[in-house]
Amino acid sequence: MNGGPSGFNNAPVTKAFVIATALFTVFFGIRGGSSKLGLSYQDIFEKFRIWKLIISAFAFSSTTELFSGLYLLYFFRVFERQIGSNKYSVFILFSGFVSLILETILLSLTKDPTANLLTSGPYALVFASFVPFFLDIPVTKRFGVLGVHFSDKSFIYLAGVQLLLSSWKRSIFTGICGIIAGSLYRLNIFGIRKAKFPEFMASLFSRFSLPSLSSQSQPPRRTSPNLGRQAVRAYRAPVPSTTEPSEEAIATLVSMGFDQNAARQALVHARNDINAATNILLEAHSH
């Protein structure tokens, strides 16, 4: 299991988010203000510091959190490749907005104007992404170390646990809010999973180095039967596996809108790695 081809190919929104997070974290870390970015009751209900609400969604409060967070954000770029940059942007805004509402409710219950109860950083997006990661990304490898069983998803979970416990209660609260936000998105409340930015907004955003927000970058709803052969040429895949792809893996790709035969051929040339097969199909469509 992997996040597909290295780099931010077909993931411009993730790239912009990662860069913004790194810059904000480094900037406030140099100025010695990262420890003051956590949200408190006073920030929302007394002084209403809008700047802090915005910054707290990007800047981590420590270097350890930054490394773990960027690693997870980089891996989860696979979801932008699967649903397209337009819908992924909606996912980011929805998870951030819902998490902020939940955090506001939590702060209103504490009514402590002195404590920074909630840590800062894009916990909403990171932990909302764990919901589709748990439900949609299959395990492709299993192995044991000293009698303990692991899968290729274990390292992502370990990074998530490290980030969740990085600031103890302050980070646990924000992480749980993110998981709830991701679950609500998964449940498709108000039809949010079908929501997209209007075309004129996508065109506007495309001028700011986010060209994939346009509808052209969305995963195809139907592909031609010849896409499998085009995918192989575009991706330059390794020697095909002799193992027949599982029906479950094929069904997963078909549910994303790809042709069944194309999905089967992509899985063969990706050696049954469903993430790599997804990116083979997306790259073939982009050619």
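**Exercise 1. Salt bridges**

Determine whether arginine 186 is buried, partly exposed or exposed, and find the residue with which arginine 186 forms a salt bridge.

Solution. Arginine 186 has a relative accessible area of 29% and is therefore partly exposed; buried means under 20% relative accessible area, exposed means over 50%, and partly exposed lies in between, with a 1.4 Å probe and protein chains alone as cover. The model is predicted: local features require pLDDT of at least 70, side-chain atom pairs count only at pLDDT 80 or more, and totals for chains, interfaces and linings use all residues. Residues are numbered from 1 along each chain as its sequence is written, and side-chain values use heavy atoms, leaving out hydrogens and water.

Step 1. The salt-bridge partner of arginine 186 is aspartate 136, with 2.7 Å between the closest N and O atoms. A salt bridge is a side-chain nitrogen of Lys or Arg within 4 Å of a carboxyl oxygen of Asp or Glu.

Step 2. This pair links distant parts of the chain, since aspartate 136 belongs to helix H7 and arginine 186 to helix H9, 50 residues apart. Helices (H or I, at least four residues) and strands (E, at least two) are DSSP runs, numbered from the N terminus.

Step 3. Aspartate 136 has a relative accessible area of 33%, so this residue is partly exposed as well.

Step 4. The whole structure holds 2 salt bridges. Aspartate 43 and lysine 52 also form one, their closest N and O atoms lying 3.0 Å apart, and both of these residues are buried.

**Exercise 2. Helix H7**

What is the span of helix H7, and how does it compare with the expected value? Which elements cover its buried residues?

Solution. Step 1. Helix H7 runs over residues 123-136, and its 14 residues reach 20 Å from the first C-alpha to the last, close to the expected 20 Å. The expected span is 1.5 Å times one less than the number of residues.

Step 1. Of the 14 residues in H7, 11 are buried, and the helix is mostly covered. Among the buried residues are Tyr123, Phe127, Phe130 and Phe133.

Step 2. The cover includes helices H1 (12-30), H4 (63-75), H5 (77-83), H6 (85-110), H8 and H9 (169-186).

Step 3. Leaving aside neighbours within four places in sequence, leucine 164 is in contact (heavy atoms within 4.5 Å) with Phe127, Ser171, Ile172 and Gly175. The C-alpha atoms of leucine 164 and serine 68 are 9.9 Å apart, although 96 residues separate them along the chain.

**Exercise 3. The hairpin and a nonpolar patch**

How many bridges join strand E1 to strand E2, and which residues form the nonpolar patch?

Solution. Step 1. Strands E1 (residues 142-145) and E2 (residues 148-151) are antiparallel and joined by 4 bridges; strands pair if DSSP finds at least two bridges between them.

Step 1. Arginine 142 is partnered by serine 151 in E2, and glycine 144 by histidine 149.

Step 2. The hairpin has 2 residues between its strands, and leucine 146 there takes a positive phi near 55 degrees.

Step 3. A nonpolar surface patch consists of Tyr71, Phe143, Val145, Leu146, Phe155 and Leu158, together with about 640 Å² of accessible area. E1 and helix H8 (154-164) are the elements that contribute two or more residues to this patch. Patches take residues with over 30% relative accessible area and no salt bridge, joining like charges within 9 Å and nonpolar side chains (Val, Leu, Ile, Met, Phe, Trp, Tyr) within 5 Å; areas come from the Shrake-Rupley method with a 1.4 Å probe, counting for residues only the protein chains shown as cover.

Step 4. Phenylalanine 143 lies in strand E1 and, at 32% relative accessibility, counts as partly exposed.

**Exercise 4. Positive phi in loops**

Where is tryptophan 168 found, and where is asparagine 188 found?

Solution. Step 1. Most residues other than glycine have a negative phi.

Step 1. Tryptophan 168 has a positive phi near 55 degrees and is found in the loop between H8 and H9. With a relative accessible area of 55%, tryptophan 168 is exposed.

Step 2. Asparagine 188 has a positive phi near 60 degrees and is found in the loop between H9 and helix H10 (199-206). At 27% relative accessibility, asparagine 188 is partly exposed.
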